[in-house]
Amino acid sequence: TLPLPAPPPGERALAEARRRLDHGDVRGALAALGDIRPDDPVYPFALQLRQRAETVSGEAPERSATR
């Protein structure tokens with residue numbers, strides 16, 4: 001059998017952000033989400049996860065221009 005192709009970078013960044021958030025690493029999660037560009041298909045999910053991370057950390061969004 002052939003190996004499965006690697007997921008696209010946006011999907012990998014989103015998965016990394018989820019892992020970090022699940023382990024309480026809010027800053028790491030936000031850093032991983034920062035690598036996802038607006039033209040990436042997973043961008044809407046990245047915005048949702050960013051909002052969740054900011055809620056968990058108690059921080060207000062700093063960059064409203066990226067929303």
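Guide: The model is a predicted one. Arg19 has a relative accessible area of 44% and is partly exposed.

Visitor: Why is Arg19 called partly exposed?

Guide: Buried means under 20% and exposed means over 50%, with partly exposed in between. The 44% of Arg19 falls between these limits, and Arg19 is therefore partly exposed.

Visitor: What makes the contact of Arg19 with Glu16 a salt bridge?

Guide: The side chains of Arg19 and Glu16 meet at 2.9 Å, N to O. A salt bridge requires a side-chain nitrogen of Lys or Arg within 4 Å of a carboxyl oxygen of Asp or Glu, so the pair qualifies. Both residues lie in helix H1, three residues apart, about one turn of the helix.

Visitor: How is Glu16 classed, and on what value?

Guide: Glu16 has a relative accessible area of 26% and is partly exposed. Glu16 also forms a salt bridge with Arg20, with the closest N and O atoms 2.7 Å apart. Glu16 and Arg20 are four residues apart in helix H1, and therefore about one helical turn separates them. Arg20 counts as partly exposed at 32% relative accessibility.

Visitor: What makes the pair of Asp22 and Arg52 a salt bridge?

Guide: The closest N and O atoms of Asp22 and Arg52 are 3.5 Å apart. The limit is 4 Å, so this pair also counts as a salt bridge. The pair links distant parts of the chain, with Asp22 in helix H1 and Arg52 in helix H3 (residues 43-57), 30 residues apart.

Visitor: Why does Asp22 count as exposed, and how is Arg52 classed?

Guide: Asp22 has 57% relative accessibility, and exposed means over 50%, so Asp22 counts as exposed. Arg52, with a relative accessible area of 42%, is partly exposed.

Visitor: Which residues do salt bridges that share partners join into one network?

Guide: The network consists of Glu16, Arg19, Arg20 and Asp25. The structure holds five salt bridges.

Visitor: Why are H1 and H2 called roughly antiparallel?

Guide: The axes of helix H1 (residues 9-22) and helix H2 (residues 26-33) come within 8 Å and cross at roughly 170 degrees. Angles over 145 degrees count as roughly antiparallel, and H1 and H2 are therefore described in that way.

Visitor: Which residues of H1 and H2 meet?

Guide: Ala13, Leu14, Glu16, Ala17, Arg20 and Leu21 in H1 meet Val26, Gly28, Ala29, Ala32 and Leu33 in H2. The residues of this contact comprise eight nonpolar, one polar and two charged.

Methods:
Residues numbered from 1 in each chain as written. Predicted model: local features only at pLDDT ≥ 70, side-chain atom pairs only at ≥ 80, totals over all residues. Heavy atoms only, no water. Axes fitted to C-alpha atoms, helices over the stretch in contact; angles between N-to-C directions. Helix = DSSP H or I, 4+ residues; strand = E, 2+ residues; numbered from the N terminus. Parallel < 35°, antiparallel > 145°, perpendicular 65-115°, else oblique. Contact = heavy atoms within 4.5 Å. Nonpolar A, V, L, I, M, F, W, Y, C, P; charged D, E, K, R; others polar. Buried < 20%, exposed > 50% of the residue type's maximum accessible area, 1.4 Å probe, protein only.
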